[in-house]
Amino acid sequence: MTVAASAAKGPFRVSLSGGSTPKTLYGLLASDEFRDRFPWQLVSWYWGDERFVPYDHPDSNYRMTREAMLAKAPVPPENIYPVPADGTPEDAARRYERTLQDAYGATILDPTRPLFDITLLGLGPDGHTASLLPGERVLDERQRWVAAVSHGRPEIRITMTYPVIESSRYVAFLVEGREKAAILRAIRAGGSQVPAARVRPVGELLWFVDRAAAGEGPIPARSGSQSP
C-alpha cells in the first residue's frame, strides 16, 4: 500500500474494513516503523461498511480505525470520509453515496476507471463481507452505491454495494483465525454462493490469509520487518 500510494499520480482512495484483522494492519501503518514512510497527505480514507451508531460507540468501525491509526498518524482531516451516523439510516446511506459520487466525479461507474485504488475486506464465518450479509436484499442491489441493512437484525448497518466494492484496482481480503477455515475452504473450492465469494472486482483480487484460516495450524513467531 505504501509503494502504490507513493506512486499515485492523482487522488489515492482506500476503502477500509472493520474487524480485528484490519485493525492490526492499521496499527502497523501508524507505528514508529512505518508512520514516517507512508504518504498520508496523498490518501483519502473511506469505509466499506459501518454500524449505524455514534462515532464514539464501541462498535463503530470509524472509532476503531481512528484509535488504531488515524489519531496516531499525520492524516489531514479533509482526507477522512466516515459514513454519516446521524439522521435516518436510509438518509445516511444516500448522503454517503453522494460523497462517493462527488469524489468519483460521476454517478455511473466506469469499469476502466475504478473508484478505489485499494479496497480492504474481511470475511465472516458465515461468508459475509462488509455488511453484505447472507439472505439480505442488498446482495441483489446493482443501482445504489450504498444501502442500509436492517431486515430481521437488531443492529442497523450501512454498506457499500457490490458495484462499488468491485470498482477497485485491488480488492484485498484479510483473513485470520481457525473459525474462518471452513468458509474459506468452501470459497476456494469454487461454487460457493456466500456473499464474499461473489465479489468480482474490475481489478485484481487478493487474499491475505494466515495459517490458521488456511487450515495449517498456528503461525510460528517470526522476526524481521514487515511491509504493509
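Colleague: Let's start with Arg157: what's its relative accessible area, and is it buried or exposed?
Modeller: Bear in mind this is a predicted model, where local features need pLDDT of at least 70 and side-chain atom pairs need 80 or more, while totals for chains, interfaces and linings use all residues. Residues are numbered from 1 along each chain as its sequence is written, and side-chain values use heavy atoms, with hydrogens and water left out. The cut-offs are under 20% relative accessible area for buried, over 50% for exposed and partly exposed in between (1.4 Å probe, protein chains only). Arg157 has 13%, so it counts as buried.

Colleague: Which residue does Arg157 form a salt bridge with?
Modeller: A salt bridge here takes a side-chain nitrogen of Lys or Arg within 4 Å of a carboxyl oxygen of Asp or Glu. For Arg157 the closest N and O atoms are 2.6 Å apart, and the partner is Glu155.

Colleague: How exposed is Glu155, as relative accessibility?
Modeller: Arg51 is partly exposed, at 25%. Glu155 also counts as partly exposed, with a relative accessibility of 29%.

Colleague: Asp117 pairs with Arg169 in a salt bridge; which strand holds Asp117?
Modeller: Their side chains meet at 3.1 Å, N to O. Arg169 is partly exposed at 41%, whereas Asp117 is buried at 12%. The two are 52 residues apart, with Arg169 in β8 (residues 168-175) and Asp117 in β5.

Colleague: How many salt bridges does a search of the whole structure find?
Modeller: Those of Arg157 with Glu155 and Arg169 with Asp117 are two examples. The search of the whole structure gives a total of 10.

Colleague: Over to helix α6: what arc do its buried residues cover?
Modeller: In α6 (residues 181-189), the buried ones are Ala181, Ile183, Leu184 and Ile187. They sit on the same side of the helix, because their arc around the axis is only 165° (taken from the directions from the helix axis to the C-beta atoms). On the other side, Arg185 and Ala189 are exposed.

Technical notes:
Helix = DSSP H or I, 4+ residues; strand = E, 2+ residues; numbered from the N terminus.
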